[in-house]
Structure formats: C-alpha cells, structure tokens
Amino acid sequence: MADKMKKWWDLCRQIFERDEEKKEMPRRYRRLRRNIIFLMLAVTLIPLAIMAATNAMQYQKNIKSERIKPIRAIAGKAAHSFELFLEERLSAIHFISSSYSYEILSGQATLHRIFRILREEYGGYVDLGIINNDGTKIAYTGPYDLLNKNYSNQQWFNEARVRGVYISDVFMGYRDLPHIAMAVQNLNDQGESWILRATMDTKKFEDLISPMGMDPITDAFIVNSKGVLQSDSRNYGKVLDQFPMEIPSGDSGTHVRELTDPDGREIVMVYSRLIKYDFTLVMILPQANVFQPWHTLKQEMSYMFVASVIAIFLVIFGSTHLLVKRIREADEKRVIAFRELEYTQKLSSIGRLAAGVAHEINNPLAIINEKAGLLKDLVDHDKHHDKEKLMRGVSQILQSVDRCRNITHRLLGFARRIGVQYELLDINEVLRDTLGFLEKEAHHRNLNIEFKFDEQIPKISSDRGQLQQVILNMLTNAFAAVKDGGEIVLSTWKKDEQTVALAIRDNGHGMTEETMRQIFEPFFTTKKGYGTGLGLSITYGIIKKLGGEIKVDSKIEQGTTFTIFLPKTPPGEMEDD
C-alpha cells in the first residue's frame with residue numbers, strides 16, 4: 001500500500017513539474033496531452049456539474065417545501081383560531097343584546113351582573129356599556145369613568161347604526177390603552193335604536209398566538225389592512241406601530257414570501273388573511289433557521305462535488321500522462337524501425353551501386369594498366385623517346401585517375417550517414433550526378449534520357465545524400481517500367497519564390513488507380529520476387545522530412561510521372577528528431 005501511494009505521489013509530482021517536463025517532452029506531446037486532458041475534463045465535469053445543479057435544485061425545492069408546509073399549517077390554524085375568537089365574542093354580545101331589553105340592560109346593577117358573568121365565561125372583556133339613540137352612554141360597567149360619554153360624532157357609532165354590527169381595529173380611545181371595540185345595534189319598544197358596546201384587551205391576541213406550537217425564534221403578530229400592528233412584534237415594533245414591510249393584497253388563504261427586511265435580515269414571511277375581518281396574521285422566521293437542513297445538505301454536497309472534481313482531475317492527469325507516454329514510446333519505436341528500414345534500403349542500394357561502380361572503375365583501371373605498360377615499353381626499348389606519345393599516355397592515365405576519383409566521390413556522397421545534413425545544392429547537378437550511376441545500364445538498354453532543366457533554377461538548401469537516394473529510387477523504378485529503347489525525361493523548374501520542382505517521367509506500362517493508392521505503403525511492391533516494397537515508402541518519408549511533397553500521375557500504357565516539390569530553405573526543427 002505504501003509503495004502504491006509513493007508511486008502515485010511520484011506520478012503527481014512528475015505531472016506538475018512543468019519545467020523538467022518541458023525539457024523532456026517534445027511540444028507536440030505536451031499539446032496532445034493538454035488536448036486530451038481538456039477533452040476528458042469537459043466530457044466528465046460538464047455532465048457532473050449539470051447533474052449536481054439539477055439535484056441541488058430538486059433537493060432545495062423538496063426541503064423548502066417540507067420545511068414551509070408545517071409553518072403554513074400553523075399560520076392557517078392561528079388565523080382560524082383568531083377569527084373564531086372574534087366571532088365567539090361578537091356572538092356573546094349579540095346574544096346579550098337580543099336576550100335583554102333596553103330597559104333591563106340600562107339598569108346599572110343588571111349590566112354589572114351580566115358583565116361579570118361575561119368575563120367569567122369568556123374572558124378578555126374590559127368593559128360593557130349601553131349607548132342610546134343620541135350616542136350617549138347611559139349605562140356603563142368597567143374600570144373607567146365613561147358614563148354619559150357621547151359618541152355621536154365618532155365613526156364607529158355611525159357604522160354600527162348603519163351595519164348593525166361593528167368591530168374596530170386596535171385603538172387608544174378614552175382609555176389611553178390599546179383595545180378593540182365590539183358594538184351590536186338593537187331597537188327598543190319605541191322603535192329607537194340603541195347599541196350594546198364592549199371593549200377587549202389586545203393582550204388576549206398574544207394568548208391566542210403563543211400556544212400554537214411555534215418555534216421560539218418565530219415572530220408572530222396581527223396587522224390590519226393599513227399595515228398597523230394590532231399586537232406586539234418581537235422585531236418590528238409595538239402595537240399601533242407601522243409594520244415596515246408591505247404585505248401584498250390578494251385572496252384569502254396562507255401565503256409565503258422570501259425577502260430581506262429593512263434591517264438586512266433574510267427572512268421567510270408567512271401570512272394568512274382572516275375571511276370575515278380585516279386582519280392578517282403574520283409569522284416571520286429567519287431563512288437561516290428555516291432552511292438549515294438545506295444549508296447543511298448543500299455544504300455536504302459541495303464538499304462531495306469538490307472531492308469528486310479533485311479525484312477526476314487526478315485520474316485524468318495520471319491516465320493521460322501514462323497514455324501520452326505510451327504513445328511517445330510507440331512513436332519512438334516506430335521512428336527507430338523506420339530508420340532501420342531506411343538504412344537497410346540504403347545498404348541495398350549501395351550493393352546495387354557497387355556492381356556498377358566496380359564496372360565503372362575497371363574501365364579506367366584497364367586504360368591505366370594499358371597506358372602504363374606502353375610507357376614502360378617506350379622507356380625500355382626506344383632510345384629516342386617519343387615525347388609527344390609519352391605525354392599523351394600520361395595525360396590519359398591522369399584522366400582515368402580523375403574519373404575513378406569522381407566515381408568514388410559520388411559513391412561516398414551517396415553512402416553518407418542517414419541523418420539530415422543541409423548544404424546548398426544545385427538540383428540539376430544532383431540529378432546529373434545520380435543519373436551517372438545508371439548511365440551504363442541506360443546505354444546497354446538503349447534508353448533515351450532527355451533533360452529539360454531550368455538552368456536559372458535557384459539553389460536550395462537540402463541533403464545531397466538523401467536526395468540522391470530518392471532520385472535513384474525513382475530512376476530505378478522508371479528503368480524497370482520502360483522497355484529497352486524507352487524514354488525517360490528529367491525536368492526541373494521553379495514553382496514559386498520558395499519552392500523548386502523536379503520530375504521524372506517515363507513512357508512505361510503505367511499503374512492502375514488501385515496500385516497508385518498503395519505505392520507509398522511499406523512492403524507494397526509490384527516487383528514480385530525481387531522487390532522489397534520499401535523504396536517508395538522510404539522516399540515518401542525522406543521527402544516529408546526534407547519539408548517537401550511528392551506526387552505521382554500515371555496512366556496504363558502511357559507512363560508515369562513522379563513530381564517532387566522541395567523548399568528553398570530547410571524546414572524548422574523537426575519535432576520527432
């Protein structure tokens with residue numbers, strides 16, 4: 001286990017040691033690795049991110065729904081209880097007004113007794129009074145001195161006379177304490193209207209809200225349609241203060257809003273409107289508390305997502321590094337194998353050349369031998385040396401020696417090592433020199449060699465030995481394609497300012513399209529029994545290495561033309577060298 005951990009650590013360290021990597025790994029492998037990493041990261045991380053976002057949204061929706069649902073139920077229940085409370089108190093006042101006559105209730109003792117029973121049975125009442133048709137309170141029981149007070153100019157008195165029933169908002173009034181008033185209109189025996197009016201303490205509201213099983217952090221209160229608090233709020237003021245946030249108007253029922261209050265706190269507002277009365281029960285909770293399970297889950301999901309991303313990064317970096325390393329090793333093996341094949345082909349060509357060279361050298365050696373023997377005879381037997389004849393023989397010996405030197409120099413130039421060595425070359429000269437190796441064969445087979453050289457063609461920077469190998473391969477193929485007495489045309493021209501071209505055309509048997517598609521493949525040959533199938537594949541590799549291009553055009557029974565385009569200046573540093 002420890003060895004595996006150490007191996008992974010060494011691998012990760014090797015991945016991130018960029019400076020050493022730049023020195024060791026060629027640019028194209030670094031680019032390949034970078035592209036693979038980006039592609040794999042995109043393929044893995046994008047679906048992962050989409051899936052995580054979708055799951056997070058779904059979890060958030062479900063958890064919010066689960067957390068909000070009981071709060072909505074509590075708010076709805078509290079609003080309903082508050083509405084029942086008001087309805088019950090109003091019904092009690094209405095029952096007293098209907099059960100007793102105006103004359104009976106106007107009696108102070110009777111009114112006091114009824115008020116006492118009312119407080120004992122229902123609770124919450126502060127006082128009780130009878131107001132006649134003129135708006136004067138003619139009977140009163142309670143802690144304040146309100147007897148004979150006249151309410152004829154107050155709005156509630158007129159509304160009670162018009163509607164028959166009245167429930168006020170919380171107000172201060174003569175009592176200078178927040179309270180709510182209930183009034184019920186009735187008629188006496190003379191047909192005059194009178195009003196039974198009771199007031200209630202608003203502390204009863206809080207007694208209704210508190211036992212609803214709310215969380216201790218929940219702020220619950222009552223507001224009217226004008227946004228005035230009808231009960232104390234924990235965070236937004238006392239009774240009769242203005243509630244600082246707007247409650248949207250709309251249908252009855254329970255509604256939920258997520259917003260930020262004036263103090264910058266993120267809150268959840270749950271409000272429920274009363275159906276019969278102009279009050280709204282409001283519950284406010286901090287979002288942090290309501291959505292705590294979601295925040296916890298989101299944090300855990302974030303940790304898992306980050307850990308997954310890190311794991312994916314490490315796996316992709318590690319696997320990509322190993323993959324590119326294997327590709328690089330395979331490429332290096334392929335290059336080595338190709339060079340071995342190239343070297344083998346070169347040795348094969350040299351072997352073929354050796355026979356021609358031996359034949360070429362034997363002729364001047366025979367001349368040297370003959371002329372040397374003649375000079376010996378002249379020196380031994382002729383006392384009067386024929387100087388002119390002697391000098392002619394010496395001149396022929398020197399010419400033969402020069403010829404042998406040229407042949408050996410060309411052979412040495414061809415046999416140089418495979419590595420690229422650039423020098424300034426005249427492409428016409430290279431063609432002539434290379435053809436010189438095959439002149440005897442051309443002469444014996446009576447082949448017509450035609451030159452169409454552009455003598456103004458610019459010199460190029462290239463490798464003489466490798467170009468000779470390429471030209472020799474194509475000339476050998478051309479010689480094999482034509483019959484005795486056939487025609488081979490060598491031509492050169494300037495393609496553009498940066499490129500020169502050479503072509504070798506023969507009038508041989510030509511090639512089919514199927515053959516043309518395979519001629520540059522290794523080990524493909526039409527010379528059954530004696531061809532290796534490596535000549536044109538190696539030729540193609542050499543031309544590419546020199547920065548050039550090679551094209552072939554052939555028609556059956558009409559001949560073949562190989563055209564090579566070479567750059568005037570050497571290409572940049574080859575990445576696989």
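The legends below describe an overview and several close-up views of a predicted model.

**View 1. The whole chain of the predicted model.** The chain holds 15 helices and 16 strands. Of its 577 residues, 41% count as buried. Among contacts in the chain with a separation of 6 or more, 64% are between residues 24 or more positions apart. The mean pLDDT of the chain is 82, and 85% of the residues reach a pLDDT of 70 or more.

**View 2. Strand E14 and its two antiparallel partners, E13 and E16.** Strand E14 covers residues 499-506. Seven of these eight residues are buried, so the strand is largely enclosed by the rest of the structure. Strand E13, residues 487-496, pairs with E14 in the antiparallel sense over eight bridges. These two strands, E13 and E14, form a hairpin with two residues between them. Within this pairing, Lys494 has Val500 of E14 as its bridge partner. Strand E16, residues 559-567, also runs antiparallel to E14 and is joined to it by eight bridges. Here the bridge partner of Ala501 is Phe565, a residue of E16.

**View 3. Strand E9 with strands E6 and E8.** Strand E9 spans residues 279-286. Seven of its eight residues are buried, and strand E9 is therefore largely enclosed by the rest of the structure. Strand E6, made of residues 219-224, pairs with E9 over six bridges in the antiparallel sense. In this pair, Asn224 has Phe279 of E9 as its bridge partner. Strand E8, made of residues 266-273, runs antiparallel to E9, with seven bridges between them. A hairpin of five residues joins E8 to E9. Ser272 stands opposite Leu281 of E9.

**View 4. The second largest pocket, with a volume of about 540 Å³.** This pocket is lined by 18 residues, of which Glu159, Tyr166, Ile167, Ser168 and Asp169 are the closest to its centre. Two elements each give two or more residues to the lining, namely helix H6 (155-163) and strand E3 (165-167). Helix H6 provides the largest share, with four residues. By residue class, the lining of the second largest pocket comprises eight nonpolar, four polar and six charged residues.

View 5. The relative accessibility of Ile63 is 17%, and because buried means under 20%, Ile63 counts as buried. Leaving aside residues up to four places away in sequence, Ile63 touches Pro293, Trp294 and Leu297. Ile63 and Trp294 lie 231 residues apart in sequence, while their C-alpha atoms are 6.3 Å apart in space.

**View 6. Residues 573-577, where pLDDT stays under 50.** For residues 573-577, the model has nine contacts beyond four places in sequence. The pLDDT under 50 across this segment may be set beside the chain mean of 82.

Conventions. Residues numbered from 1 in each chain as written. Predicted model: local features only at pLDDT ≥ 70, side-chain atom pairs only at ≥ 80, totals over all residues. Heavy atoms only, no water. 1 Å grid on protein atoms, 1.4 Å probe; cavity = no way out; pocket = protein on both sides within 12 Å on 5 of 7 lines; lining within 4 Å. Points joined across faces, edges and corners; volume = space filled by probe spheres on them. Nonpolar A, V, L, I, M, F, W, Y, C, P; charged D, E, K, R; others polar. Buried < 20%, exposed > 50% of the residue type's maximum accessible area, 1.4 Å probe, protein only. Pairing = 2+ DSSP bridges. pLDDT = per-residue confidence, 0-100. Contact = heavy atoms within 4.5 Å.
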